[in-house]
Amino acid sequence: MSDALDNALDVDWEKGAGLVPAVIQDADTGAVLMLGYMNAAALDQTRESGLVTFWSRSKNRLWTKGETSGNVLRLVSVSLDCDRDTLLIQARPEGPVCHLGTPTCWGEETQGALGFLARLERIIADRQGADPETSYTARLFSQGVAKIAQKVGEEGVETALAAVGEGDDALTGEAADLIFHLMVLLRARGLGLGDVAKVLAQRHGG
């Protein structure tokens with residue numbers, strides 16, 4: 001069941017003696033980031049502050065992720081499972097999630113290949129304000145929407161030509177170039193792949 005953040009959740013706190021596991025998922029990539037435990041106070045503070053907060057079993061107190069490192073988890077949504085004893089927290093991480101410096105507590109990545117597109121969007125957004133002399137992406141942004149759109153057109157033609165005259169490696173390479181430049185163009189207009197996905201979902205009844 002989904003949680004509208006201003007509504008109460010009927011969590012079965014008694015089953016786990018006041019604690020329930022909270023699975024943290026990247027709201028954009030779908031990657032499973034970490035597992036923590038929450039009591040009622042931790043859940044309340046998470047929803048009130050917008051920063052994911054746990055009950056630390058080692059510290060025996062409330063603990064907001066990133067309170068020392070600055071690598072916070074910004075809350076997007078909370079869901080409760082069918083047995084009412086496990087929470088799914090969707091959040092957007094600011095920095096590495098694991099204390100070892102990796103994006104997740106299971107290493108580098110836990111989402112499928114398509115999930116990387118959301119990570120790439122973040123990289124593109126970070127490069128938007130970078131020095132055009134040191135970043136190709138920043139240089140694209142500095143040239144303006146018309147130039148980026150022209151580049152998308154060029155990459156589209158090259159992708160089409162590869163599809164009819166070259167092998168799979170060439171086609172996927174050109175398609176990667178096309179998608180990258182399209183993502184830059186969308187970002188330059190204040191949009192993202194999520195906006196495109198919404199249109200596709202509306203068209204196909206998703």
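Two strands pair if DSSP finds at least two bridges between them. Helices (H or I, at least four residues) and strands (E, at least two) are DSSP runs, numbered from the N terminus. The model is predicted: local features need pLDDT of at least 70, side-chain atom pairs count only at pLDDT 80 or more, and totals for chains, interfaces and linings use all residues. Residues are numbered from 1 along each chain as its sequence is written, and side-chain values use heavy atoms, with hydrogens and water left out.

**Exercise 1. Describe how strand β6 is paired and how it is placed.**

Step 1. Start with the partner: β6 is joined to strand β7 (residues 87–93) by 7 bridges, and the two run antiparallel.

Step 2. Pick out one pair. Ser 79 has Leu 88 of β7 as its bridge partner.

Step 3. Now check burial, where buried means under 20% relative accessible area, exposed over 50%, and partly exposed in between (1.4 Å probe, protein chains only). In β6 (residues 73–80), 6 of the 8 residues are buried, so the strand is largely enclosed by the rest of the structure.

**Exercise 2. Find the residue with a positive phi in each of the two hairpins, and say how exposed it is.**

Step 1. Here is the background: most residues other than glycine have a negative phi.

Step 2. Take the hairpin of β6 and β7, with 6 residues between the strands. Arg 84 in its turn has a positive phi of about 65°, although Arg 84 is not a glycine. At 30% relative accessibility, Arg 84 counts as partly exposed.

Step 3. Turn to strand β4 (residues 53–56) and strand β5 (residues 61–64), which pair in the antiparallel sense over 4 bridges. Ser 56 stands opposite Arg 61 in β5.

Step 4. This hairpin has 4 residues between the strands, and Asn 60 takes a positive phi near 60°. Asn 60 is not a glycine either. Its relative accessibility is 56%, so Asn 60 counts as exposed.

**Exercise 3. Work out how α2 and α5 cross, and which residues make the contact.**

Step 1. Axes are lines fitted to C-alpha atoms, for helices over the stretch in contact, and angles run from 0 to 180 degrees between N-to-C directions. The axes of helix α2 (residues 116–127) and helix α5 (residues 168–188) come within 10 Å and cross at roughly 55°.

Step 2. Angles under 35 degrees count as roughly parallel, over 145 as roughly antiparallel, 65 to 115 as roughly perpendicular and the rest as oblique. Therefore α2 and α5 are oblique to each other.

Step 3. List the contact residues (heavy atoms within 4.5 Å). From α2 come Leu 117, Leu 120, Glu 121, Ile 124 and Ala 125, and from α5 come Ile 179, Phe 180, Met 183, Val 184 and Arg 187.

**Exercise 4. Is Ile 148 buried or exposed, and what does this residue touch?**

Step 1. Locate the residue: Ile 148 is found in helix α4 (residues 145–165).

Step 2. Ile 148 has a relative accessible area of 0%, so this residue is buried.

Step 3. Leaving out residues up to four places away in sequence, Ile 148 touches Leu 140, Phe 141, His 181, Val 184, Leu 185 and Ala 188.

Step 4. Look at one of these partners. Ile 148 and Ala 188 are 40 residues apart in sequence, and 8.5 Å apart in space, C-alpha to C-alpha.
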